Amino acid sequence: MRVKENDVVNQINISTEGILIDGKKVHITGQTMIDNAVIATANIKDANIPTAKIANLAVGTAAIANAAITNAKIGNLSVGTAQLQDAASTNAKIANASIDSAKISSLSADKLNAGAIRGIDIFGSKFRSSDGSTNLEIVGGNVRLTQNGGSYVNMNPNGVYGYNSGGSERFRMDKGLVTSASLGTSNSNVYLAPDSTNEVRVVDLASIPSDGIAENYSYRHINNGTHVYIRPTSGGEAKVTSTGTTGNFRPIRARTFTTDTSMRENKKDIEVFSEDSLDVFRNAQIYTYRRLNDDQFAFKQLGMMSDETPRILHGEAGDSFDLYALTAYMGKGIKDIITITDKHGDEINWLKIENQYLKQKIKQLEDRMGAP
């Protein structure tokens with residue numbers, strides 16, 4: 001101990017209550033063991049603490065190389081980068097978590113927003129449209145699409161079935177039967193195309209489905225209704241072709257073929273066709289021929305060539321004759337012939353009158369020459 005005048009640099013007070021060491025700096029060079037220490041403020045440059053129990057710890061900045069924390073309560077934690085080898089979290093609320101890869105054995109979530117979900121099985125789920133008006137679910141082996149009104153569609157490996165809100169069937173499409181209010185296509189032409197050994201048949205709905213044997217069906221007439229409509233688009237045609245083809249046309253047989261309309265009130269821009277038709281018939285040839293896809297023994301057809309006839313006789317596509325126009329044109333030809341024959345008839349009648357008059361004159365001359 002060293003004492004300076006008017007100043008005590010260090011003091012040691014030893015009493016029964018304890019030992020007080022008071023000094024600006026205390027330097028202990030030897031090994032010191034403190035059984036039970038209460039340190040108000042400490043600055044430990046390099047501390048190696050095998051085991052510590054800290055009731056209340058405030059750490060400004062800490063770098064922990066290898067920390068094992070059995071139980072920790074952290075009020076506000078900010079972690080830049082963390083690697084958790086084996087973490088068990090009983091209750092965690094994460095406002096915004098970005099997880100590159102996760103393996104979750106069991107997940108319970110009230111709301112899940114995901115861009116893409118791959119390679120999982122989903123049980124007991126219902127998918128709703130963004131507006132909430134339609135939902136999709138799997139019910140009893142059916143994929144069911146339901147609207148708010150209660151109508152729904154069931155899809156399964158057997159077919160597609162539509163039902164109204166009361167459960168009554170609206171339409172169906174399966175191997176045995178297709179039912180609908182109408183059948184249409186976006187193509188210009190509509191084809192009924194059985195294979196080369198089968199037919200198009202119209203049967204009673206009550207006999208569908210059946211076993212495919214012809215005599216086990218109840219047949220219906222194709223004109224069972226008042227009218228039957230075949231409805232291609234405005235630029236299309238109703239075509240009958242051989243099976244598997246679109247250009248090998250087949251005949252149509254009917255009692256009559258009626259045009260769309262011949263009533264004056266259904267027409268406009270009406271003008272009398274006054275062109276002479278006889279020169280067309282006079283110059284056009286009549287040919288016998290076979291079509292390009294006919295074999296050499298096929299029956300020869302009789303007809304004219306469109307390139308030898310005026311455009312007004314052709315159909316809209318220009319590659320064939322319009323039978324209604326051709327018939328009307330032939331009627332015009334007959335009318336032209338009648339006009340000529342009427343003119344010739346009048347001329348013949350005048351010639352007959354002149355001939356009779358001349359006969360009378362000759363008779364009068366003969367009578368005069370023979371008179372005494």
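## Aromatic cluster

Phe-273, Phe-281 and Tyr-329 are joined into a cluster by ring pairs. Rings of Phe, Tyr and Trp (its six-membered ring) pair if their centres lie within 6.5 Å; planes under 30 degrees apart count as stacked, over 60 as edge-to-face and the rest as tilted. This is a predicted model, in which local features need pLDDT of at least 70 and side-chain atom pairs count only at pLDDT 80 or more, while totals for chains, interfaces and linings use all residues. Residues are numbered from 1 along each chain as its sequence is written, and side-chain values use heavy atoms, with hydrogens and water left out.

By the ring rule there are three aromatic pairs. Phe-273 and Tyr-329 form a tilted pair, 5.8 Å centre to centre with 55° between the planes. This pair links distant parts of the chain, with Phe-273 in the loop between β9 and α1 and Tyr-329 in helix α2 (residues 323-369), 56 residues apart. Helices (H or I, at least four residues) and strands (E, at least two) are DSSP runs, numbered from the N terminus. The rings of Phe-281 and Tyr-329 have their centres 5.6 Å apart and their planes at 50°, so this pair is tilted. Phe-281 in helix α1 and Tyr-329 in helix α2 are 48 residues apart, and their pair also links distant parts of the chain.

Tyr-329 is buried, with a relative accessible area of 5%. Phe-273 is partly exposed at 31%, and Phe-281 is partly exposed at 30%. Buried means under 20% relative accessible area, exposed over 50%, and partly exposed in between (1.4 Å probe, protein chains only).

## Loop between β9 and α1

Asp-269 lies in the loop between β9 and α1 (278-283). Asp-269 has a positive phi of about 55° although it is not a glycine. The residue is exposed, with a relative accessible area of 69%.

## The sheet

Seven strands form an open sheet in the order β3-β4-β5-β6-β7-β8-β9, with antiparallel pairing. β3 (126-128) and β9 (178-179) stand at the edges with a single partner strand each, so one side of each has no neighbour in the sheet. Two strands pair if DSSP finds at least two bridges between them.

β5 and β6 (residues 152-156) pair in the antiparallel sense over four bridges. They form a hairpin with four residues between them, and Gly-150 in the turn has a positive phi of about 105°. Arg-144 stands opposite Asn-154 in β6. The charged end of Arg-144 sits over the ring of Tyr-152, 4.4 Å from its centre; the rule asks for NZ of Lys or CZ of Arg within 6 Å of the ring centre and within 35 degrees of the ring normal.

β6 and β7 (residues 159-163) run antiparallel and are joined by five bridges. Their hairpin has two residues between the strands. In β7, Gly-162 is the bridge partner of Val-153, and Gly-159 is that of Asn-156.

## Nonpolar surface patch

Ile-122, Phe-127, Leu-136, Ile-138, Val-143, Leu-145 and Met-155 form a nonpolar surface patch with about 610 Å² of accessible area together. Patches are made of residues with over 30% relative accessible area and no salt bridge: like charges are joined within 9 Å, nonpolar side chains (Val, Leu, Ile, Met, Phe, Trp, Tyr) within 5 Å. Accessible areas come from the Shrake-Rupley method with a 1.4 Å probe; for residues, only the protein chains shown count as cover. A salt bridge is a side-chain nitrogen of Lys or Arg within 4 Å of a carboxyl oxygen of Asp or Glu.

β4 (134-139) and β5 (142-147) each supply at least two of the patch residues. Leu-136 lies in β4 and is partly exposed at 31%.
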